[in-house]
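The structure is shown first.

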Amino acid sequence: MHLMYFTEQPMSTYPAQAGLDFGATALMFSNKHFDPVSGSELYNQYIEQYLLAEEVGIDGIMLNEHHNAPFCMQAKANVFAAILAGMTERVKIVMLGNPLPLAENPVRLAEELAMIDMISKGRLVSGFVRGGGQEQLAAGVNPAYNRERFEEAHDLVVQAWTREGPFRFEGEHYQHRVVNPWAVPLQKPYPRVWVPGVISKETIVWAASKRYPYIALNTSIEQTKGIWKLYDEVAAEAGYEAGPENRGYLIQVHVSDSEEKAVENARQFRWMQGEFTGLAHPVWSTPSGYGSPSNRRAFVEFAAGRRDNPRGQTTFEQQMEDLRIIAGTPDTVVPKLRRILEETRPGILALWGNDGTVSQADSLTCIRLIGEEVFPAIRDIAKELDLKSPFEANAPVGIGYDENGAMAGAAG
Amino acid sequence: MPSDWVEVEKVVATTRVKVRRKGEGPPLVVLHHDFGTPPDLPFYDLLAQSFDVVVPEHPGFGESERPVWMRSVRDLAALYRALLNELEVERPILVGLGFGGWVAAEMATMGAGDVERLVLVGSMGIRPNEGFILDQALVGYMDYAQAAFEDPARFDAVYGAQPSNDQLELWDICREMCFRIAWKPYMYSVSLPFLLSSLPVRTLLVWGREDKIVPVSTAAQFEEALPDATLSVIDNCGHAVDMEQPEALGGLIRNFCTG
């Protein structure tokens, strides 16, 4: 079992009322409300959180990025990854992930990630995402080619990592005269790639076809089971049997030394008015061409206010009931997590510990309790349930590679 | 669709294109807006009283097949030239509405001798010096279509006060195709004004004074770029002149083409 800590790095000092008055807290919500003085303080608090996570024995730190919104302060996940590469000794640096379609030059991304892998002495897990709809608009990247760019940029990055340069790359969306980066990853054949997601079937199918672990982001137990069913089917078609080493799960869990305080702080998981990416016009979060054609009808009806959000929206109480939010002391949190592990059998588990305006003191307490009490218990449960991480299972990095990192079927 | 319109399909540039046609007289091709077109606009019938009216549905907009290969508005213009060739439509009058104006202008620059007259109505295609072309990516489907009208009652008359979910889905499909071919720069070409500067085609420019999608001041930029252009601005009218003031626009076109 690989156990991680995650925070969205909330820009918690923004004036909430201004967002409510404007009617949106994403994309177009003015950055005049971003205070760099508290921004500076918060970034340094997040570094303190990550360093404590390593100190208390957590296996990995999960990083992500978003743009134009207070729910997430990381505008470039590689910046924090580079900081952690230099400041930590042991934790895996798990990018979940770099939004590939936003890259105009994926080779540069490959270089940055190779540098992070070398500086961290091989601790990088290089997850990739499509980026949210609003990210496409914030970056001026065409949402209609999002998935094509995602897949093509992935291919280019992996080639930049694994092929001897110089070579030329002529794709549909990316053309590079000379790919020859003088920075290549320490890990061979290349750093592990994990793929997080929420709703798109296409992403699950793609991850399974590449034999990359899929990380279900805060889905309900039933949704998660549906994801694994699809993943397993694609895996079987691709010629391998998927197991816990292919399955990751991120869940909002706040741990405290008192039940009441835990629940109170857990309410902050809904600090963005229940939408974790903030209030936004539906056409910002799902621009035309960005979503699955099979979801088109549902999203246009949602955008016109004629149906509920296809991504789902539930109350805090319902989310607690469904175990999508867990709050409590280690004694009450562990049995709930046990149920999730038993039902969905992941080999990778990330706890999204703190959000919103939870104080730094309470955040640090949460991390300490996760590292010192919750995760040791989870490790025992994982052993009992035989839930191995990709590292423990020595799983191939991707399809076409064997467990030694050689091309499958290659002689010698 | 009224029964007296004839619908044909042609395959050009590997793409199946739907075309509606009606009327007798000089050939006149209407290129519709970025948010598609209802099949049976009074404007089309009005034109069909004086012209052989050809209304293609932009491929990838609405129900027609999406040309996945298409990357630019100039690609669309080139496809349409091939389509007109297939249809044996010679020296047509090109009437471009909004986004369709940009397509028409590109078509004319590819061979001015093939175009009898050019009519650009609230045309996109040039970067406005004042303001911007309204970015549909940031507004709802209905909000965008409504922005094309000065008078909300006119919108209601065409689409209904509460357009159907089918209509919303069609707008999303149109929007996706716009993104595919006109995402950046958004709805204009940096080179078009230069190509227009030597276009020997008599051109009528028509703008609604209250155009909220393409600023009315852009009309003057077209007028300045084109060697032979006349501008007519219609009061109490928005971007969708064809749907708000069909008779006024039809009259202007008739006069311009017979004069």
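In this predicted model, chain B holds an open sheet of 8 strands with mixed pairing, in the order 1-2-4-3-5-6-7-8. Strand 1 (6-12) and strand 8 (229-234) of chain B are the edge strands, and each pairs on one side only. On average, neighbouring strands of the sheet are turned by 20 degrees against each other, direction ignored.

Strand 2 (residues 15-22) and strand 4 (residues 52-56) of chain B pair in the antiparallel sense over 4 bridges. B:Arg20 has B:Val55 of strand 4 of chain B as its bridge partner.

Two helices of chain B touch strands of the sheet, as the table sets out.

| Helix of chain B | Strands of chain B | Angle |
|---|---|---|
| Helix 2 (residues 73-86) | strand 1, strand 2, strand 3 (27-31) and strand 4 | about 120 degrees with strand 1 |
| Helix 10 (residues 246-258) | strand 5 (93-97), strand 6 (117-121), strand 7 (203-208) and strand 8 | about 160 degrees to strand 6 |

Between the chains, 18 residues of chain A are in contact with 15 residues of chain B. On the chain A side, helix 10 (282-285) and helix 11 (296-303) of chain A are the elements that give two or more residues. Helix 11 of chain A gives the largest share, 5 residues. The chain A side divides into 9 nonpolar, 5 polar and 4 charged residues.

The axes of helix 11 of chain A and helix 6 (residues 165-182) of chain B come within 9 Å and cross at roughly 105 degrees, so these two helices are roughly perpendicular to each other. Helix 11 of chain A makes this contact through A:Arg296, A:Arg297, A:Val300 and A:Glu301, and helix 6 of chain B through B:Asn165, B:Leu168, B:Glu169 and B:Asp172. The residues of this contact divide into 2 nonpolar, 1 polar and 5 charged.

Note on methods
Residues numbered from 1 in each chain as written. Chains lettered and ligands numbered in written order. Predicted model: local features only at pLDDT ≥ 70, side-chain atom pairs only at ≥ 80, totals over all residues. Contact = placed C-beta atoms within 7 Å. Nonpolar A, V, L, I, M, F, W, Y, C, P; charged D, E, K, R; others polar. Axes fitted to C-alpha atoms, helices over the stretch in contact; angles between N-to-C directions. Parallel < 35°, antiparallel > 145°, perpendicular 65-115°, else oblique. Pairing = 2+ DSSP bridges.
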